[in-house]
Structures are given as structure tokens and as C-alpha cells.
Amino acid sequence: MWRICCVSRISRTQSSLGLCFSVQPQSVCDSSPCLNGGYCYERDGGYSCECRHGYWGKHCEKVRLNTCASGPCRNGGSCKEEAGGYRCACPYRFTGKHCEVGRPDPCASSPCLNGGTCFHYIGKYKCECMEAFSGRHCEMSRSSAEPGCGPPPQVEHAEVQFSSTTAGSVAVYVCHSGFTSVPRTATSVCGILGKWSQTPVCEEINECLSQPCLHGGTCQNNIGSFLCSCRDGFSGNRCHLDINECLSEPCMNGGTCEDKPGSYLCHCRPGFRGQSCELEQDECESGPCLNGGVCRGYRGSYVCLCKDGFFGEQCQMLEDPCVLKPCGNRGRCWSDRKGNYNCVCKVGLTGKDCKKDLLPPNGLHVLRVEEREVELCWDEPEPSLSPISMFAVTYAPLGQSSTKTDYLDHHQSTHVLRGLQPGLLYNISAVSLKFKTNSNDTSQPATALIRTRPPPVEQLQVLNVSSSQVWLSWLIQASHHAAINRVHVSLSPLDGSEARSAVLNTSTSQYTFSSLGPGQMYTVDVVTQSGTRPDEFPSTSHSAGPLQLWTRPLAPQNLSLSRVTPNSALITWSRHSTDAPDGFVINVTKGLNTKSRFLPNGKLGSFTIRELNPGHNYYVALSAVKNTGQEQIYSTPQQLAFATRQTGEEGEAIGDWSADPK
């Protein structure tokens with residue numbers, strides 16, 4: 001403010017008359033730039049703001065958090081803010097950054113010896129000794145001549161504790177809070193010469209080595225504590241408190257503020273940009289319209305004027321995408337004139353643009369063939385590599401146009417074809433299918449030619465068996481002749497020698513095997529066959545057998561009558577040297593009555609028939625016997641007829657049947 005005075009003199013002898021008035025010049029503080037009650041000072045052509053308590057910043061626009069609000073001082077300490085932080089004023093006997101360290105009671109260590117009484121003052125103590133003792137700690141006997149070491153020397157920043165000053169006594173030094181002992185052993189010993197050993201040194205601990213200041217704050221080491229100088233946006237004794245910059249509402253034009261560590265982020269409304277959303281944005285500046293579209297901006301938004309053939313918010317869609325030939329030569333393109341298209345792929349291809357291979361079922365093979373069923377199997381497709389929707393298996397007899405198709409889930413790897421005709425050659429085709437919106441894609445086929453089994457013969461039986469021949473018969477129904485081309489008959493001996501077989505046409509229903517071994521076991525199998533040449537993929541039926549049979553043993557030779565009496569007859573025969581039977585059976589017939597007897601000795605060559613009646617006619621049948629373990633096999637019987645003598649022609653013989661080895 002300027003003061004201007006005007007003086008008017010009336011005459012040389014008269015006094016002057018003065019008039020003064022004040023003029024206020026224009027100031028930079030007139031616009032009240034300091035907010036929240038801050039006081040403005042002009043300074044060097046500019047100004048500075050002195051903020052009220054609780055605010056800071058160039059214009060006092062930022063809120064300063066009260067660092068004492070959390071009550072950091074303990075044990076009754078009082079908190080005082082200073083230099084962007086706080087300081088704790090601790091009561092007596094407490095120290096530390098937060099008054100958390102209790103100072104020891106100087107009398108707690110019983111420093112007064114020999115019954116002395118300890119009195120403590122502020123931070124100090126005094127010993128009142130008994131009459132017989134003296135010294136600071138009552139350690140000296142008034143009557144003793146022993147000198148001792150006297151009280152141990154004091155160490156800076158440490159308290160000393162001892163119980164005696166005589167030779168061998170130990171003094172313990174305890175460093176104050178914020179200091180550490182060097183060396184670690186903080187003791188001193190009284191020597192025999194009356195001196196204490198070297199005392200430790202209490203060095204200050206550098207609390208900044210632990211990096212207590214967060215978010216880039218700078219640490220200043222103090223005795224027993226540290227002080228953090230925080231970066232803008234943080235506060236607290238360790239710079240751990242993030243100042244919420246959003247409280248000052250820095251985001252303009254309706255932007256939303258998000259507080260960040262040490263800063264803030266504005267989320268602007270459409271049409272605005274900048275750190276504080278202070279700039280209006282031209283939406284057409286980024287060139288959002290595609291394919292030659294023209295952009296028109298309007299109040300924070302835009303509209304695209306599209307060229308012919310394009311549409312969409314940004315002219316990004318083509319009305320007929322097929323003009324771009326997305327399917328190439330891999331398929332046929334179809335469009336709905338609304339920006340959508342579909343590729344009808346060629347066989348073996350699939351995908352949006354027919355760029356993927358559609359593979360058929362891999363490893364197609366036959367597991368089982370029956371008269372009316374065929375079981376197929378293939379490798380399971382890998383789910384990550386297979387776009388398959390399902391499988392289709394089509395089958396029909398070769399040369400027939402009427403086909404049947406089974407549709408299978410894409411997880412299947414086996415399938416049974418049912419309702420087939422026996423003995424026919426089937427053409428089987430398996431493909432993979434991929435369903436799409438307007439079409440289905442098909443893979444190349446995996447094919448197989450399989451002939452079903454023909455029906456077996458029926459009523460297989462053994463008509464007759466001799467020692468060297470077997471007569472067989474069977475039946476083939478007339479309706480099965482078209483499915484059967486020939487019949488295989490086989491005869492296998494039990495001893496493992498070479499089997500015999502015969503191939504017959506379907507009109508044959510009987511067969512005889514000759515030149516067989518006597519008394520041998522054989523297995524008979526009869527199967528039918530459909531298709532004869534390899535290119536017809538022949539198949540055989542299930543066996544109508546197996547049948548097991550035994551040939552008859554060789555019959556006895558040269559059966560003759562050796563001697564006849566009125567009551568007996570001696571018969572003889574010859575044995576085979578290579579095939580001895582297990583025994584013989586003799587049947588003796590008179591009229592309608594027959595008696596049988598088993599002779600268990602296969603080495604016999606004669607037998608006497610007894611208990612006959614004189615003058616009668618008899619018939620004898622002799623058969624060799626083979627034991628199979630389950631039954632007895634008989635040879636063809638050898639027969640003989642004779643008549644007994646009349647009584648008186650020779651002496652009467654009395655006795656049972658008997659057999660005499662020859």
C-alpha cells in the first residue's frame with residue numbers, strides 16, 4: 001500500500017496545509033490462490049501459501065493425514081508432529097522411538113554390597129553403607145587391608161552390574177537401547193593386581209541398514225531410532241501410509257478418480273482425455289472407420305459412413321464375404337448377404353475355411369465275424385486333434401445298391417454290424433462327419449471287404465465204424481445251398497499222426513474214411529466254406545463237431561472147433577501179433593437162449609465151453625474187446641456152429657467153463 005501526501009503553502013510566513021491519501025496497488029494474492037484457509041504471501045514477484053494445520057501442497061489443496069492419530073507412542077508417551085512426521089516425548093524410565101523400551105531401575109541390579117541400602121534419583125543411584133564398609137558400592141571393608149580393584153570403570157552408553165570388587169569378580173556391561181556391545185562378550189574381570197580387564201565398547205546400531213522406509217522414502221539414522229523422509233503421496237513414520245489424492249477431486253468433466261500408490265488415475269468419460277480428463281477428444285482422430293468409411297464426429301462420439309458393400313459400426317463387415325474367396329478351391333462358398341458365409345468343404349476337408357484335414361477312422365480292422373454279425377474296431381481319435389462330430393458306417397452285400405448306415409458317437413471305437421446274411425461278401429465303408437451350420441463335412445472313407453460265416457451242416461452223425469473204416473453223414477438245408485460253396489471233412493488221429501481231409505460239394509451228404517488203424521481214437525470235424533478263391537475273401541462256418549470215435553479192434557482169426565463131447569466143446573483161434581486186444585467176449589446160443597462170458601486175458605487162443613446138453617445144436621460168436629476207459633469197443637464177431645455128442649458116445653464130462661491158454 002502506498003501513502004501519497006500533497007502540501008500547499010499559503011504564504012512564506014504562514015504554515016503549510018497537507019492532504020494525504022492511500023493507494024492500494026494490484027497484488028498476486030488478490031485472486032485468493034491459497035485454499036482451505038491458507039494465507040497468501042507475495043514473494044519475488046510471485047506468492048507462496050502458508051497452509052493451516054492438516055493441509056499441504058502449493059495451494060494447500062492436499063489433505064495431510066495426522067500422523068499422531070494412530071497413537072504410536074506407548075507407555076504414556078505424548079505424540080508431537082514435526083517435519084512431516086512425529087516424535088514421542090517419553091516419561092521417566094522409558095525411551096525408544098515409541099517409548100517402547102523401559103529403562104532399568106538403577107537399584108534393580110542391587111549395586112550396593114555388604115548390606116548397603118540403594119537410593120535412586122533421576123537416572124542415578126547412591127549407596128548408604130553399613131558402618132564397617134565404605135566406597136561407592138560399599139565394597140571396601142574399613143578394617144580389611146585387601147585393596148581389591150575398586151568399582152569397575154564406566155562405559156559410555158552402558159550400565160555396569162557387579163557384586164564385588166575383589167580379585168576374580170566379574171562386572172557385566174549392558175548397552176543402552178540402540179547400541180550393541182563390541183566385542184560380544186560384555187564383561188570385565190578384576191585381576192590379582194587390582195585392575196579390571198579391558199571393558200567393551202557400546203557402538204550405535206544403524207537402524208537404516210534394515211531399510212525401514214517404504215515407497216522410496218529416505219532414511220536418516222538417529223541414536224536408538226531412525227527418521228524417514230517420504231516421497232510425495234506417502235506419509236507415516238515408515239512412509240507406509242498412502243495419501244488419497246482423490247480427496248481433492250482432481251478429475252474433471254465427470255471423470256472417475258482411482259487412488260494409486262503415491263499418485264492417482266483418472267478414468268475419463270467418452271470424449272475426454274488427459275491426466276485429469278481436461279482435454280476434449282476428437283473421436284475421429286484414431287481413424288475408427290474401416291474399408292474406406294468416412295468418420296463424422298459429434299459430441300464425444302462418432303458415426304461411420306460406409307462405402308457400398310460394407311456395413312457395421314466401423315464398416316468392418318462385408319455384405320457378401322464370398323467375393324474374397326475365403327474357401328479357395330477347397331470348397332464352395334455360401335453367403336446370406338448379411339456378412340455371414342459358410343464353406344461347403346470337399347471330401348476330406350473341414351473348418352471355417354476348409355483348411356483342416358478331416359481324417360477317416362484310423363486303423364479300421366475286424367475283431368469278430370459270425371453268420372449274421374461283424375464286429376469292427378478302430379483307433380480312438382485324440383480329442384485335442386480331432387474335430388469329429390460322429391462316425392457313419394455304411395454296409396451292403398457286394399454288388400447290391402441297397403445300403404444301410406449306422407451313425408455312431410465320436411467317442412466310440414468299436415461297433416457291431418447286425419442283421420447280416422450268412423456267407424455273403426459285404427462292402428463296409430466308415431467315414432468321419434463334422435457338423436456345421438448349413439452343411440456337414442465328410443472324410444475320405446476307410447473301407448473293408450468282409451464275408452460273413454456260412455451256416456454249418458446239421459445232424460452230423462457216425463453211420464458205422466469198422467476196424468479200418470468210418471461212415472459219416474450230415475444234412476445241409478436247401479435254403480443254405482446258395483451261401484455254401486463246399487464242405488470240408490477232416491479226421492484227426494489221437495496219436496498226433498497226419499490228419500485226413502476231404503473237400504466236397506454241397507450235394508454230398510455222406511463220406512467214408514478208409515485204411516484206418518484198428519482200436520484207435522479219431523476226431524471228426526465238418527465245416528462249410530463260402531467263397532473259394534482268395535479274391536473272394538472266403539470264410540468258414542463253425543465246426544459241426546467235433547465228434548470223437550473209436551475204430552473196432554481186429555476180430556480173432558481162424559476160429560475152429562477142436563474137440564466136442566456131450567457136455568463140452570473146445571474152440572481155438574489165432575491172435576494178431578501187432579494189435580493184442582484187452583480181452584474177448586464169447587456168446588453161446590442154443591435156440592433162443594444166449595449166454596455170454598468176458599475173458600479178460602487178451603493173450604488167450606483157446607477156450608473150453610462146458611455145461612452143454614448132449615445131442616443139441618449150438619452157435620458160438622467170438623469178439624475181441626478194447627477198453628477205452630469209458631466204454632468197451634467190440635470187434636466184428638467170428639461165428640461157429642456145432643452139435644454136442646449123444647450120451648454114451650464118450651464119457652460124460654462134468655464141470656464149469658474154462659479157458660486154456662494156447
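Analyst: The account below begins with the salt bridges and then turns to the sheet, the backbone, the annotated domains and the confidence.

The model is predicted, and a search of the whole structure finds nine salt bridges. Five residues, Arg-368, Glu-370, Glu-373, Glu-375 and Arg-418, are linked in a network of such bridges.

Arg-368 is partly exposed, because its relative accessible area is 30%. Glu-373, at 23%, likewise counts as partly exposed. Glu-375 has a relative accessibility of 19% and therefore counts as buried, the cut-off for that class being under 20%. As to confidence, strand β37, residues 374-377, has the highest mean of the chain, at 95.

Another of the salt bridges joins the side chains of Arg-533 and Glu-536, with an N to O distance of 3.2 Å. Arg-533 is partly exposed, since its relative accessible area is 45%.

The strand pairing is considered next. Strands β44, β45 and β48 form an open sheet in that order, with antiparallel pairing. Its edge strands are β44 (458-465) and β48 (510-513), each of which pairs on one side only. From one strand to the next, the twist averages 20 degrees. Strand β45, residues 470-475, pairs with β48 over four bridges in the antiparallel sense. The bridge partner of Trp-471 in β48 is Thr-512. In general, the strands of a sheet pair through backbone hydrogen bonds, either parallel or antiparallel.

Several backbone details lie in loops. The peptide bond from Gly-545 to Pro-546 is cis, with omega near 0 degrees, and Pro-546 is placed in the loop between β50 (539-540) and β51 (547-550). Cys-60, a residue other than glycine, has a positive phi near 60 degrees and sits in the loop between β5 (55-56) and β6 (62-63). Because its relative accessibility is 0%, Cys-60 counts as buried. Glu-611 is not a glycine either, and its phi is positive at about 60 degrees. Its loop runs between β56 (606-609) and β57 (617-627). Glu-611 counts as exposed, because its relative accessibility is 51%.

From the record, an unreviewed UniProt entry places the feature "domain: EGF-like" at several spans, including residues 204-240 and 242-278. Residues 204-240 are 0% helix and 35% strand, with end C-alpha atoms 25 Å apart. For residues 242-278, the content is 0% helix and 35% strand, and the end C-alpha atoms lie 25 Å apart.

Confidence sets the limits of this reading. The mean pLDDT of the chain is 84, and 91% of its residues reach 70 or more. The lowest mean, 45, belongs to strand β1, residues 2-9. The pLDDT is below 50 over residues 6-19, a stretch with 12 contacts in the model beyond near neighbours in sequence. It is also below 50 over residues 651-662, a stretch that has 34 contacts beyond near neighbours in sequence. Where pLDDT is low, the predicted coordinates should not be read in detail.

Terms used: Residues are numbered from 1 along each chain as its sequence is written. This is a predicted model: local features need pLDDT of at least 70, side-chain atom pairs count only at pLDDT 80 or more; totals for chains, interfaces and linings use all residues. Side-chain values use heavy atoms; hydrogens and water are left out. pLDDT is the predictor's confidence in each residue, from 0 to 100. Helices (H or I, at least four residues) and strands (E, at least two) are DSSP runs, numbered from the N terminus. Contact means heavy atoms within 4.5 Å. Two strands pair if DSSP finds at least two bridges between them. Axes are lines fitted to C-alpha atoms, for helices over the stretch in contact, and angles run from 0 to 180 degrees between N-to-C directions. Buried means under 20% relative accessible area, exposed over 50%, partly exposed in between (1.4 Å probe, protein chains only). UniProt positions are given in the numbering used here, feature names are shortened, and annotations may be inferred rather than shown by experiment. A salt bridge is a side-chain nitrogen of Lys or Arg within 4 Å of a carboxyl oxygen of Asp or Glu.
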